[in-house]
Amino acid sequence: MAHAFEPFFTTKSLGQGTGLGLSQVFGFVKQTGGHVDLYSKPGQGTTAKICLPRYISMETPQHMPARPASIPLGNDEMVLLVEDDDDVRSFVTSAVARLGYRVFEASDAPAALTILDKHPEIVLLFTDVGLPGVNGRQLGDEARQRVPDLKVLYTTGYARNAIVHHGRLDPGVDLLVKPFTIEQLGLKLQEVLERV
């Protein structure tokens, strides 16, 4: 119980979980000004109680925020997406394709490296940090050994500071925190690909 909200603490064996689930919940709740309580009894189970502040506004919004005039589009560049969650992978694959890129997809590092070996013309690896087995950082390192000019963009559901401070990624790496909009995705892909 004392470690339940610590990033990367898990009672699961290697490759079976990242320990980010409860820490993500805790971070979100704290950002909103709420709190989380855990109650657990051996043989009876565990209950999480999440308390969020209530917001009451007497004002009516005058207008919706302006959307960007245009989302940057790719020019059929090849992107390798690695995500172990089937639903997330399907959604992001569709989004990246709609942004004008050719997308290859994999659910783990071994499958991604097999695709990369077959298609060394892939220009960008877009990978989740918390993959089972070989994590996203290790995958990025190995992929760059095989394709030295490969650009790497990481994604995670946890805050940048937690990922960097717990040694999962180095400071200054390209990271897109989930959840993200298609506009944010398009801008980040363009930014990473245009960097020399």
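These legends walk through close-up views of a predicted model.

**View 1. Helix α2 from end to end.** Let's start with the overall span of α2, residues 86-98.

View 2. Look here for the buried residues of α2: Arg89, Val92, Thr93, Ala95 and Val96. They sit on the same side of α2, because the arc they cover around the axis is only 165°. An α-helix has 3.6 residues a turn, so residues three or four places apart point the same way. Turn to the other side of α2 and you will find Asp87, Phe91 and Arg98, which are exposed.

**View 3. What covers the buried residues of α2.** Among the elements covering these residues are three strands, β3 (78-82), β4 (102-106) and β5 (124-128). Helix α6 (182-194) is also part of this cover.

**View 4. The two ends of helix α2.** At the start of α2, Asp85 is worth a close look: one of its side-chain oxygens comes within 3.0 Å of the backbone nitrogen of Asp87. After α2 comes Gly100, with a positive phi near 100°.

**View 5. Leu52 and its contacts.** Leu52 lies in the loop that runs between β2 (45-51) and β3. Leaving aside residues up to four places away in sequence, Leu52 touches Val29, Thr32 and Gly34. Take Val29 as an example: 23 residues separate Val29 from Leu52 in sequence, while their C-alpha atoms are 6.8 Å apart in space.

Conventions. Residues numbered from 1 in each chain as written. Predicted model: local features only at pLDDT ≥ 70, side-chain atom pairs only at ≥ 80, totals over all residues. Heavy atoms only, no water. Helix = DSSP H or I, 4+ residues; strand = E, 2+ residues; numbered from the N terminus. Expected span 1.5 Å × (residues − 1). Buried < 20%, exposed > 50% of the residue type's maximum accessible area, 1.4 Å probe, protein only. Arc of directions from axis to C-beta. Contact = heavy atoms within 4.5 Å. Polar contact = N/O pair within 3.5 Å; in protein donor to acceptor, adjacent residues only side chain to side chain.
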